[in-house]
Amino acid sequence: MTFARISFWVAILLGLVFAEDIYRLLFQNNLTDTTPLSLADVLLVTGVMLTLSMCISLYSKNEFLERRLSDLHEELSIYISKRNH
Amino acid sequence: MSLKNNQVAIVIPAYNEEKVIGRVIKKLPNKLDVKKTTYKIEIIVVNDGSTDNTKSVVEKKYKVHLIDHILNSGAGAATRTGLNYAKKINSSYVVTMDADGQHHEKDVINLIKEVIVSDKDLIIGSRLIDASGMPWYRILGNKGLSIVTFLLFGIFVKDSQSGLRAYNRKAIDSISFHSNNYAFCSEIIWSAKKNNLKISEYPIQAIYSDYSLKKGQSNWGGIIIIKQLLKTRFLALIHG
């Protein structure tokens, strides 16, 4: 696991451990004093998150297919060159 | 698996290089003596879907192994094909070099000798240790990409984009990269770092002609490389 991945998960862990303190800090500075989200807002945010997740998944799949195609092209080129040699 | 221990492969990825590829190949030796051992040199040209006569120039005039890419896939893909072929024929050492004539044959030979006698796994022929003769905008672009490589992958080499490199068998077996364009230069360094390979740089003198300047990477090409490197880093974060 790379350093960046470890850092990412450590940040998540710290966020969970200090969730109460962070909330208290936000509350003291009136940063939680906002209008409540409507159902439409919740649906919109959920939709955006799902779309983002789907984009990342499709991007990864596309990258994987690109690599497979590249490998196939390489194998084919080497095979033909050996046959012609 | 038996190794042909005395074989060095020189991989030359080429795209539309009919004007110079003949001269580049002609200058390379067929064998080399290092420390009382004779090494056979196998020249592998990967014609990356050239639209000119690169293929016919190479196959008619010179005794080299020609691999023909059906589709133009980029310098990274062509280099990968050459390296994988060198691995398949059990070469003990591999040198990659550009086909545009910017590398001096003396530097190629020196690099081969260096990788054989030293304990380094990957040796990069650095044009920036002594950058005299290199246009200022090239120095700027190459240094910029070396800094980007350091920021993204945590490894600093002076000339991360040099095409002249020497690999020993350990490096050939362990390095993997997926970039098809020139971003492969930085990705190889990253892969070497991940595999704990010993990397060093060796000073070389690049030959800058009007032709090689026209054929080489522009600074706009540098932006495309950075984009590809960011993509590579992002995907590594997701998949590990």
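Predicted model: local features only at pLDDT ≥ 70, side-chain atom pairs only at ≥ 80, totals over all residues.
Trainee: How many residues of chain B are in contact with chain A?
Mentor: On the chain B side there are 25, and they are in contact with 19 residues of chain A.

Trainee: And how much area do the two chains bury between them?
Mentor: About 2000 Å², with 58% of it on carbon and sulfur atoms. The size of an interface is often given as the accessible area lost when the parts come together.

Trainee: How many salt bridges are found across the interface?
Mentor: The rule finds three between chain B and chain A. In one salt bridge, Lys88(B) pairs with Glu75(A), and their closest N and O atoms are 3.1 Å apart.

Trainee: What about residue pairs in polar contact?
Mentor: The count between chain B and chain A is ten.

Trainee: Which elements of chain B supply at least two residues each to the side that touches chain A?
Mentor: Those are β4 (65-69), α3 (75-88) and α9 (219-239). The largest share, eight residues, comes from α9(B).

Trainee: What classes of residue are on that side of chain B?
Mentor: Eleven are nonpolar, nine are polar and five are charged.

Trainee: New topic: helix α4 of chain B. Why should it span 18 Å?
Mentor: Because it has 13 residues, 105-117, and the estimate uses 1.5 Å a residue. The end C-alpha atoms are 19 Å apart, which agrees.

Trainee: Which residues in α4(B) are buried?
Mentor: Asp107(B), Val108(B), Ile109(B), Leu111(B), Ile112(B), Val115(B) and Ile116(B) are buried.

Notes. Residues numbered from 1 in each chain as written. Chains lettered and ligands numbered in written order. Heavy atoms only, no water. Contact = heavy atoms within 4.5 Å. Buried area = accessible area lost by both parts, 1.4 Å probe. Salt bridge = Lys/Arg side-chain N within 4 Å of Asp/Glu carboxyl O. Polar contact = N/O pair within 3.5 Å; in protein donor to acceptor, adjacent residues only side chain to side chain. Helix = DSSP H or I, 4+ residues; strand = E, 2+ residues; numbered from the N terminus. Nonpolar A, V, L, I, M, F, W, Y, C, P; charged D, E, K, R; others polar. Expected span 1.5 Å × (residues − 1). Buried < 20%, exposed > 50% of the residue type's maximum accessible area, 1.4 Å probe, protein only.
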